[in-house]
Amino acid sequence: MAFASKTVFKAASGITRVSSRNTSSAPKVALLGASGGIGQPLGLLLKTNPNVASLALYDIANTPGVAADLSHIDSKAKVTSHTGPNELHAALEGADVIVIPAGVPRKPGMTRDDLFNVNAGIVRDLAEAAAKIVPKAFVAIITNPVNSTVPIAAEVYKNNGVFDPARIFGVTTLDVVRSQAFVAELKGLDVNKTVVPVIGGHSGVTIIPLLSQVQPSAQFSKAEIEALTARIQDAGTEVVKAKAGAGSATLSMAFAGARFVQALIDGLQGRKNVQCSYVQSDVVKGVEYFSTPLELGPNGVEKILGYGKLSAYEESLVQAAVPELQKNIAKGVKFIKG
Ligand SMILES: NC(=O)C1=CN([C@@H]2O[C@H](COP(=O)(O)OP(=O)(O)OC[C@H]3O[C@@H](n4cnc5c(N)ncnc54)[C@H](O)[C@@H]3O)[C@@H](O)[C@H]2O)C=CC1
Ligand SMILES: O=C([O-])CC(=O)C(=O)O
């Protein structure tokens with residue numbers, strides 16, 4: 001099911017550029033922040049993914065070395081290297097999926113929101129280029145604070161007149177991966193068959209694992225639910241503390257990011273599937289962005305599936321998340337709108 005789509009846009013300079021997307025049968029992935037702690041292992045996983053035809057590595061530093069290294073692997077994806085803003089256009093040209101782990105990570109004692117001052121501008125600039133060069137590509141944002149960087153990218157796309165809420169995603173897959181690992185371990189389940197939806201956002205109280213909906217169904221005591229929920233909400237901080245100043249989760253994030261990119265490619269190629277991700281959504285009144293299970297397909301989000309029936313405890317977690325999400329979203333929107 002190959003298709004070619006052409007997008008014509010006017011750049012700020014007034015120059016009209018034409019961008020052709022690759023066919024869905026030969027997807028191009030652009031990885032922005034490719035030399036970093038997440039970028040390198042994620043690049044490795046994408047290079048070895050047989051569904052990726054072309055892998056553009058972009059960073060402001062050290063890209064040639066990472067690209068040379070990955071390009072020696074005998075897998076299909078063609079690797080290209082792009083360093084600095086002058087080479088961003090070439091990295092993005094023809095991309096079907098853009099993955100963004102560019103930006104600084106936390107150190108002990110910091111919240112994800114403490115990264116806003118540095119990372120907001122990075123995501124804004126990368127989104128600006130993506131909106132102009134490949135407005136129809138799926139954009140998977142890893143850069144924290146995700147609760148704010150997704151609204152930032154969305155506002156940039158709106159300013160460019162190309163916003164499609166079905167194509168901009170905050171990557172919350174690591175919360176799902178962790179929940180499934182912790183639940184399977186606690187309950188002695190086959191981790192490969194364990195499914196735990198995680199809704200809300202991607203920081204502290206906004207991370208809401210739905211332990212009442214675990215598959216295969218499992219029984220938890222009240223104490224287990226509270227302890228598991230707290231561990232899942234604080235799991236990023238657990239890694240930040242253990243790394244003691246050397247950054248935050250990189251390897252598990254690369255794994256989660258690769259899983260999410262595969263899900264996007266599956267959707268693009270007509271293999272519909274369900275993933276949790278933080279997108280523009282109206283499932284919770286007064287909150288413009290929210291993660292729930294989504295059906296992914298050729299156009300990105302095909303259906304927002306919602307979160308089904310919650311336990312009273314989960315309802316209380318949603319209520320606790322709402323003000324924090326509203327604050328994070330407003331901060332991102334204000335950064336672009338002023
Ligand atoms: N969504 C999630 O679940 C998770 C998100 N993260 C976030 O991912 C981000 C990256 O983390 P790490 O890879 O550990 O950081 P890192 O510092 O190891 O790597 C970041 C990379 O981004 C590059 N970079 C900086 N500015 C750039 C720009 N303007 N354009 C392109 N590249 C640029 C840097 O040169 C560096 O190679 C952080 O914001 C972190 O908080 C981390 C783990 C999980
Ligand atoms: O905790 C952090 O700063 C990185 C992150 O988002 C995670 O590991 O979930």
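**Domains**

I looked up the domains first: the chain is assigned domain 1 (28–172) and domain 2 (173–257 + 271–337), with bounds that come from an automatic or database domain assignment. This is a predicted model, in which local features need pLDDT of at least 70 and side-chain atom pairs count only at pLDDT 80 or more, while totals for chains, interfaces and linings use all residues. Residues are numbered from 1 along each chain as its sequence is written, and chains are lettered from A and ligands numbered from 1 in the order in which they are written.

I get 21 Å between the C-alpha centres of domain 1 and domain 2. On contacts (C-beta atoms, placed from the backbone, within 7 Å), I find 38 residues of domain 1 touching 39 residues of domain 2. On the domain 1 side, helix 1 (39–47), helix 4, helix 5 and strand 8 (168–170) each supply at least two residues. Helix 5 gives the most there, with 11 residues. My elements are DSSP runs numbered from the N terminus: helices are H or I with at least four residues, strands are E with at least two.

By class, I note 24 nonpolar, 7 polar and 7 charged residues on the side of domain 1 that touches domain 2. Here Ala, Val, Leu, Ile, Met, Phe, Trp, Tyr, Cys and Pro count as nonpolar, Asp, Glu, Lys and Arg as charged, and the others, Gly among them, as polar.

For burial I count other C-beta atoms, placed from the backbone, within 10 Å of a residue's own: 20 or more is buried, 12 or fewer is exposed, and in between is partly exposed. The core has 98 residues, and Leu31, Ile98 and Ala140 touch the most other members. Helix 9 (residues 251–268) gives the most to this core, with 10 residues. Both domain 1 and domain 2 give residues to the core, so it lies between them.

I followed up Ala140: leaving out residues up to four places away in sequence, its contacts include Ile98, Val171, Phe260 and Leu264.

**Ligand shells**

For the shells, I take a residue as near a molecule if its C-beta atom, placed from the backbone, lies within 6 Å of it. Ligand 1 is surrounded by 32 residues, the closest being Gly36, Gly37, Ile38, Ala102 and Asn144. I see strand 4 and helix 4 each supplying at least two residues of this shell. The ligand 1 shell divides into 17 nonpolar, 13 polar and 2 charged.

Around ligand 2 I list Pro105, Arg106, Arg112, Asn144, Leu174, Gly236, Thr237, Val239, Val240, Ser248 and Ala249. Helix 8 (residues 235–243) accounts for the largest share of the ligand 2 shell, 4 residues. By class, the ligand 2 shell holds 5 nonpolar, 4 polar and 2 charged. The shell around ligand 2 draws at least three residues from each domain, and the shell around ligand 1 also draws at least three from each.

Arg112 sits in the loop between strand 6 (97–100) and helix 4 (116–133). Arg112 counts as buried, with 25 C-beta neighbours inside 10 Å. Beyond four places in sequence, I find Arg112 in contact with Arg106, Asn144, Pro145 and Ser203.

Asn144 is in the loop between strand 7 (138–141) and helix 5 (146–159). Asn144 is buried too, with 27 C-beta neighbours inside 10 Å.

**Backbone checks**

I found the peptide bond from Asn144 to Pro145 to be cis, with omega near -5°. The bond from Gln215 to Pro216 is cis, with omega near -5°; Pro216 lies in the loop between strand 10 (207–209) and helix 7 (222–233).

On phi, I noted Asn62 near 65°, a positive value in a residue other than glycine. Asn62 is in the loop between strand 4 (54–59) and helix 2 (63–71), and is partly exposed, with 16 other C-beta atoms within 10 Å. Ala244 has a positive phi near 45° and sits in the loop between helix 8 and helix 9. I count Ala244 as exposed, with 9 C-beta neighbours inside 10 Å.

Technical notes. A nonpolar core is a set of buried Ala, Val, Leu, Ile, Met, Phe, Trp, Tyr and Cys residues joined through C-beta atoms within 7 Å. Two residues are in contact if their C-beta atoms, placed from the backbone, lie within 7 Å.
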